Amino acid sequence: MLLTSVFGPYAQDDEFGSRAINPMELYNNQVTRAQGAFSLRMFHRSWGIMMIQANISAPCTLLDFPTRLDFAREITGNEYDVVGISSIIVNVGKVREMCRMVRRLSPRSVVVVGGHVAAIPGLEGMIDADYIVRGEGIAWMRRYLGEDDQAAICHPAIISALGSRIMGVHLPDGPGSTAATIIPSVGCPMGCNFCTTSAFFGGKGKFVNFYETGDELFDVMCSVEARLQAHNFFIMDENFLLYRPRAMRLLERMKAAGKSWGLSVFASANAISKYTMRELVELGVSWLWMGLESPHSSYAKLQGTDTRSLTAELREHGIRVLGSTIVGLEHHTPENIEKEIEYAASHNTDFHQFMLYTPVPGTPLYREMKEQNRLLDDVDMADVHGQYKFNFRHAAISRDDSKKFLDWAFVRDFERNGPSLYRICRTMLQGWKRYKDSPDARVRERISREMGQLGSGYNAALWAMEREFRKVNRAVSEQIGELRREVQAEFGVASRVTANLLGPVLLWTTRREEKRLAAGWTYEPPAIVERRNWAAA
Ligand code: SF4
């Protein structure tokens, strides 16, 4: 069997649906995209097909980020019974082309298409596939192969990011130097009307647990820790904290085993409110992605929450926050939207994602817009990703203006709050001051581990950022300078020496990167081939 993601390149406009505006870099695409050389850039693997490959017994090749030529070579150089193609909605043009290539180059192969692209209504008529898999794919593939679809889920060792880069410098991403991704569940029962992930795995009230208990999750994390020498875990679960019994049992096991793991999680405000700050810190939550949406939205997850106080409190405990705001909600008008964006920026989160309100196929919002006849017919699927323009008729904001407001939101957040790298340093220092003498040795160990970076490389980055911003944004430069002095007061001569030696180098790499980006430089992920059970083949 061959399991493959769609072919690249991804960060350039082409006839198959690649878009320069929508590169394969989550942060640079939709979080830090206005931050120039300070934008955090990284690639994430195609976790869905990695999970499927690890949970079937058939000889299987996984091809991630191939070129068209790589894909053609793979299907002509081997005799695959099944070619499984995983894709998101914007890449439907590439899926169509890959199905066509399989029919021509490997006509005996069965073609299976899965991932969010399967949510497109009428996909059957757009591509030449034998099967289209909607929802969770491991169980489907096991059933297709005649294997036990109820067997325990085996978790592959997944490095959370590759090709990480900031200020023109590549960050190490081998074992031991980056987080490991763990996928405890898919879907989210909150069922917000725009949410593709929730809709894809069943919608409101539904989700699929791969690991039901904290004990199972703990065992999986220990196994991945050993394989990748990871201390930090990126928990890829849309609303990890919502299921409190599992998280609290995980905490018990972490305490008993003395694990000082750091956890990066997604959670809605109502889920976070089920925990005290101490519980979050003891659980190792060091980074949290939370939907802020809008102060006037009616999403159940936000009812009764003052999101500004909540984000400030999380940061006071050293928890870096990525807030997410929607631009173009139904109540937005050209008159009130700037005020709402200003309000979003006033959260002063470490990172801020802005997304257009977008009816994506498969979601309740899409169905609602379709019923109201408000979907725009002439929008290419490749442009339905929330970072370009509306794909529906908004009552008060035009399609072209939607992009202007979205772009301005990123710029305004950056202008007001400075680079995210500076902001995470600030939050880490708050955590250090609060917990460096914590009675919990695990918490002390985690915070010290993080602070080792702040006293060295991060402080040099502060040195460079302070100088780079002097001319363009004096207020931000002064804030960065103040933080640098605080860091140096905490960490003494060594941090000062590092800043003075490494800072000028980072300033140079930052300026070189700015020039490259201005000249149109883009980044692509490397093609990866992984074979499993292959000797048996
Ligand atoms: S809470 Fe977040 S993950 Fe859950 S449905 Fe709403 S937007 Fe989706």
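1. Tyr144 is partly exposed, at a relative accessible area of 30%, whereas Trp140 is buried at 18%. Buried means under 20% relative accessible area, exposed over 50%, and partly exposed in between (1.4 Å probe, protein chains only). Both residues lie in helix 5 (residues 137-144), four residues apart, or about one turn of the helix; helices (H or I, at least four residues) and strands (E, at least two) are DSSP runs, numbered from the N terminus.

2. This is a predicted model: local features need pLDDT of at least 70, side-chain atom pairs count only at pLDDT 80 or more, and totals for chains, interfaces and linings use all residues. Residues are numbered from 1 along each chain as its sequence is written, and side-chain values use heavy atoms, leaving out hydrogens and water.

3. Phe354 and Phe410 form an edge-to-face aromatic pair, 5.3 Å centre to centre with 80° between the planes. Rings of Phe, Tyr and Trp (its six-membered ring) pair if their centres lie within 6.5 Å; planes under 30 degrees apart count as stacked, over 60 as edge-to-face and the rest as tilted. Phe354 belongs to strand 17 (residues 351-356) and Phe410 to helix 14 (residues 399-417), so the pair ties together parts 56 residues apart in sequence. Phe354 is buried at 0% relative accessibility, and Phe410 is buried at 4%.

4. One aromatic cluster is formed by Trp47, Phe234, Phe266, Trp287 and Trp289.
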